[in-house]
Amino acid sequence: MARFAVLPPRALEACTVSIEVLPGRGWMGDFSHHTWHIHVQVGKDTPFPLTGYRDRYGWRWDFASFADMLATALAHEVSHWGNPWLQSESSHNDTALRQVLHLGFQVWGEQRFRESPRPERCP
Ligand SMILES: [Zn+2]
């Protein structure tokens with residue numbers, strides 16, 4: 001079963017999801033007033049497959065396509081929502097990676113460097 005399906009129904013009813021595609025490279029998410037904002041940054045010059053993308057938490061990622069990157073960003077943010085007891089961004093990355101691989105997305109990722117202190121917004 002996909003991890004996406006285990007969100008409590010109350011949470012789904014109480015939240016709006018907003019996804020924006022912006023120039024740059026990476027993703028970040030935040031929650032405010034029942035709205036879940038996910039900003040996926042992909043410039044028109046971003047090559048896919050995207051290899052060697054390094055997030056601010058010391059993870060190195062490879063994404064075969066934009067869909068693979070978007071799925072990973074969503075899975076990461078869903079992990080924040082569904083697993084609030086996880087304290088590190090690395091834990092959410094790990095959860096997201098396992099979920100997208102289980103769903104068949106073509107993603108590779110591992111923590112290569114030490115995680116820096118948690119900022120107010122996600123990667
Ligand atoms: Zn995060």
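Reader: In what order do the 3 strands of the open sheet stand?
Author: This is a predicted model, in which local features need pLDDT of at least 70 and side-chain atom pairs count only at pLDDT 80 or more, while totals for chains, interfaces and linings use all residues. Residues are numbered from 1 along each chain as its sequence is written. Strands (E, at least two residues) and helices (H or I, at least four) are DSSP runs, numbered from the N terminus. The sheet is open, its pairing is antiparallel, and its order is β4-β5-β6.

Reader: Which strands are at the edges?
Author: Two strands pair if DSSP finds at least two bridges between them. An edge strand here pairs on one side only. From one strand to the next, the twist averages 15 degrees. The edge strands are β4 and β6.

Reader: Which strands does α2 touch as it packs on the sheet?
Author: Angles run from 0 to 180 degrees between N-to-C directions, with axes as lines fitted to C-alpha atoms, for helices over the stretch in contact. Contact means C-beta atoms, placed from the backbone, within 7 Å. The direction of α2 makes about 140 degrees with that of β5. In packing on the sheet, α2 touches β4, β5 and β6.

Reader: How far does α2 reach from its first C-alpha to its last?
Author: Helix α2 covers residues 66-82, 17 residues in total. The expected span is 1.5 Å times one less than the number of residues. That gives 24 Å, and the helix comes close to it, reaching 24 Å.

Reader: At what angle to β6 does helix α3 run?
Author: Helix α3 spans residues 89-102. It lies across β5 and β6. Its angle to β6 is about 155 degrees.

Reader: Which residue stands opposite Y53 in β5?
Author: β4 and β5 run antiparallel, joined by 3 bridges. Opposite Y53 stands W61.

Reader: Which residue in the turn of the β4 and β5 hairpin has a positive phi?
Author: The hairpin has 4 residues between its strands. The positive phi is about 85 degrees, and it belongs to G58.

Reader: Why is R56 classed as partly exposed?
Author: R56 is found in the loop between β4 (50-54) and β5 (59-63). Its C-alpha is 9.5 Å from that of F113, 57 residues apart in sequence. R56 counts as partly exposed because the number of other C-beta atoms within 10 Å is 16.

Reader: Which element has the lowest mean pLDDT?
Author: pLDDT is the predictor's confidence in each residue, from 0 to 100. The protein's mean is 79. Strand β6 (residues 107-111) has the highest mean among the elements, 96. The lowest, 49, belongs to helix α1.

Notes. Buried ≥ 20, exposed ≤ 12 C-beta atoms within 10 Å, placed from the backbone. Contact = placed C-beta atoms within 7 Å.
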